[in-house]
Amino acid sequence: MKVIEYLRIIRRRWIPVVALALAGIVLASLFALTRTPTYTTTSQVFVSFHGAEPTSEPATGTTYVQRRLVSYADLVRSPQLLQPVVDELGLDTDAGELGSRVQAAPVTDTVLIDITATDADPAAAARIANAVAASLAERVDELETPQQAGASPVRLQLAREAAAPSRASYPNIPVLILAGLLLGTALGVALAALREIADTRVRSEQDLRRITDSAVIGTVTMDDEARRNPLAGRTDPYRAPSEAFRRLGTNLQYLDLDGGPQALVVTSSVPDEGKTTSAINLAITLADANAKVLLIDADLRRPSVAWHLGIEESVGLTTLLIQRATIEDVVQPWGSAGLFVIPSGAVPPNPAELVGSKAMARLILQMGERFDYVIIDTPPLLQATDAALIARMTTGVLVVAGTGRLRREQLRQSLANLSAVSARVLGIVLNVAGRTAEPTTPTRPTQRTLAQQSARTARETQPVSVARPPRLTAVAEPPENRTAHGLPVRRAAPTEAERPTPAWAPVRTGRAAPGSGPAPTSELRTLRVSDRTRRTPSRAARR
C-alpha cells in the first residue's frame, strides 16, 4: 500500500487507531508507576604511564596505556575487585550481585575509564562508584607491579568523583509513554489495515472501478433527513440528494437510449441499497424536466412504491398482467408534473413467471412508445431472477450500489447475472449512506403518514370528498392527442404556456374557469386524503 492509502484507512477507521494509541499510553504509564526507581551515577579515573627510564617519545606510553584500557575496564566486575567494596561499604549483597549493577567502559581515544554504578538509593550509588574506582586503582597497581622490586609503571587516579543523582534513571517515564504511544499507534494502523483488507464492502467509487468498467453516472448521499423523507425532489429541491438526482437525470440524457423502448430497469444486488427511493426520485426528477414518465413497481416480492407515494396499491401490475384490468384502470397520475405510476398490485405466488411473460414484454413496448421514460423498479439481482428477466426487455439497467451494505463479490455476481442474459448496464448509481447505518428502505408507513407525504409540497390543504372520485385518466388533453385508453400520445413536450390543465392538477382556490391557464403557485392547493382512504383509488379498486 502507498502512504496515501494508509492515510485513507486511518481516516476511515480512526477509532481503533486512537483507541490502541491511548491504550499504549495507559499501559506504559501503569508500567512506569509499578517499577522501582533506580539511580545511576558515574565516576571517572585517569590512567597514566610512568616508565622507569625517561623517553623522548611520550606517545609510546600513551599507546601502551590505551591498549590496556579495555583490560582494566573488564577487571571492574571481577570478584577480587568488588569484594573489598562490599566489605568497605557494608553492603547487604555479594560480589556477584554487585557486579550486575556496576560496569566500566573506556572513553574512546582517551586514557579515561568511566565507572557506572546503579542502586535504588542515589547516595549509595555514588559511594559504590567511587569505591569501585579506588579498588580498581589498587588492583591495577597490584597487577602491573613487577615481581622484582620496583613500582608499577601504570597509575590510576580518580579524575571525577560520582555525585548522588537527583533524578531516577529508570524508569524513564517520558520515553516509556512515547514508546507506548508509538507501539499502540502502530498496532492500531496494522489492525485497521487488516480490517480494510478483510472488509470487502463497497465504500467509494474507487472500489467500483476495481470491480467493473461500467461508469458511475451518479452519486447520491442519503443523509438522515433524506432517509426520513425519501422523496428528495419534493421535500427540499435544493438539498444534496435533489441535486444528485438532477445530475443523474442529466447524465441519462447523454446516454444512447435509441434503438428500442425508452425503458430503464432500476435494481440492486441486495436489499436495502436504496433502489426503490432512487427509482422514485429519478422518475420525479425526469417528470419535473417536462418529460412524460411512467414508474412501474415490478418488485412483486417486496413492493414499496405505493407506500412511498401514498397511492392505491391493491390494483396494479399483477392485475394487468393476468388481464383482470386494463391499462386505463391501473395507471395512476402523481404530482403536478407528467409522472404516472403503475403500482405492484397484489403479491402473486409466481412473480418470476409474471414479469418474464410475453404480456410484460408487450406492456413495456407499448408504454415505451407513449412515454419518454419508463422506469421499472425490480427486486435485487441476487434475491430473485426477476430483474434479469425484465432487463432483456428494456433499453438498459441502472444498478444501485449502497455503500456499507454491498460487498464487492456480490456486485461482481450481479453484473455477471446481467451479462449472462445480455442485458446492457447503463451505469452504476452509488448510494452513499450517511453516518447512521439505517436501511434506506423504510418500514411500511401508516395511512396518515402517506397522506401527509402526499400533501407535503403544498402550502395549504383543502379537504375534498372522495366518496365518488372522478374517472382516472392520464392527462386532460384534447381527444385528438389521446389514445383509446386515455394515455398520452408521445409527442414533443409542450411549453409551460401550452400545457393544458390536467384533471388531476391541484385544485384552484380562485374562480378561474377550467382551461383558462395555470394559476399562480400561491393560489394552488393540493388534494388531501382522509386518514381512512388512500389518495385517488383506481376504477378497478372501486369495483
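## A buried aspartate and its partner

Asp119 is buried, with a relative accessible area of 15%. The cut-off for buried is under 20%, so Asp119 falls on the buried side. The model is predicted.

Asp119 has a charged partner. Arg101 forms a salt bridge with Asp119, and their closest N and O atoms are 2.3 Å apart. Arg101 sits in the loop between helix 5 (95–99) and strand 2 (102–106), while Asp119 belongs to strand 3 (residues 112–119), so the pair ties together parts that are 18 residues apart in sequence.

## Salt bridges elsewhere

Side chains of opposite charge can pair when their charged atoms come close. The structure holds 19 salt bridges. Asp272 and Arg302 make one of them, at 3.9 Å from N to O. This pair links distant parts of the chain, 30 residues apart. Asp272 is in the loop between strand 6 (263–268) and helix 12 (275–288). Arg302 is in the loop between strand 7 (293–297) and helix 13 (305–309). Both residues are partly exposed: Asp272 has a relative accessible area of 22%, and Arg302 has 42%.

Arg201 counts as partly exposed at 26% relative accessibility. Asp199 counts as buried at 9%.

Helix 4 covers residues 79–89. Its buried residues include Leu81, Leu82, Val85 and Val86. These residues cover an arc of only 130° around the axis, which puts them on the same side of helix 4. What is exposed on the other side of helix 4? Gln80, Asp87 and Glu88 are exposed there.

Helix 11 runs over residues 240–253. At 1.5 Å a residue, its 14 residues should span 20 Å, and its end C-alpha atoms are 20 Å apart, which agrees. The buried residues of helix 11 are Pro241, Ser242, Ala244, Phe245, Leu248, Gly249 and Leu252. They cover an arc of only 160° around the axis, which puts them on the same side of helix 11. On the other side of helix 11, Ala240 and Gln253 are exposed.

## An annotated stretch and a surface patch

The unreviewed UniProt entry carries the annotation "transmembrane region" for residues 173–194. In the model, the chain over residues 173–194 is 100% helix and 0% strand. The end C-alpha atoms of this stretch are 31 Å apart.

Where is there a nonpolar patch made by Trp14, Ile15, Val18 and Leu22? The patch is on the surface. Together the four residues have about 410 Å² of accessible area. Leu22 has its place in helix 2 (residues 14–34).

## A contact across the sequence

Leu430 is in strand 12 (residues 425–433). Leu430 counts as buried, at 2% relative accessibility. Leu430 and Val216 are 214 residues apart in sequence. In space, their C-alpha atoms are 7.0 Å apart.

## Details of the backbone

The peptide bond from Tyr170 to Pro171 is cis, with omega near 0°. Pro171 lies in the loop between strand 4 (154–160) and helix 7 (173–198).

Asp109 has a phi near 60°, a positive value in a residue other than glycine. Asp109 is in the loop between strand 2 and strand 3. At 72% relative accessibility, Asp109 counts as exposed. Gln323 is not a glycine either, yet its phi is positive, about 65°. The loop between helix 14 (317–321) and helix 15 (327–330) holds Gln323. Buried or exposed: how does Gln323 count? Gln323 counts as exposed, at 66% relative accessibility.

Note on methods. Residues are numbered from 1 along each chain as its sequence is written. This is a predicted model: local features need pLDDT of at least 70, side-chain atom pairs count only at pLDDT 80 or more; totals for chains, interfaces and linings use all residues. Side-chain values use heavy atoms; hydrogens and water are left out. Helices (H or I, at least four residues) and strands (E, at least two) are DSSP runs, numbered from the N terminus. The expected span of a helix is 1.5 Å times one less than its number of residues. Buried means under 20% relative accessible area, exposed over 50%, partly exposed in between (1.4 Å probe, protein chains only). The arc is that of the directions from the helix axis to the C-beta atoms. Patches are made of residues with over 30% relative accessible area and no salt bridge: like charges are joined within 9 Å, nonpolar side chains (Val, Leu, Ile, Met, Phe, Trp, Tyr) within 5 Å. Accessible areas come from the Shrake-Rupley method with a 1.4 Å probe; for residues, only the protein chains shown count as cover. A salt bridge is a side-chain nitrogen of Lys or Arg within 4 Å of a carboxyl oxygen of Asp or Glu. UniProt positions are given in the numbering used here, feature names are shortened, and annotations may be inferred rather than shown by experiment.
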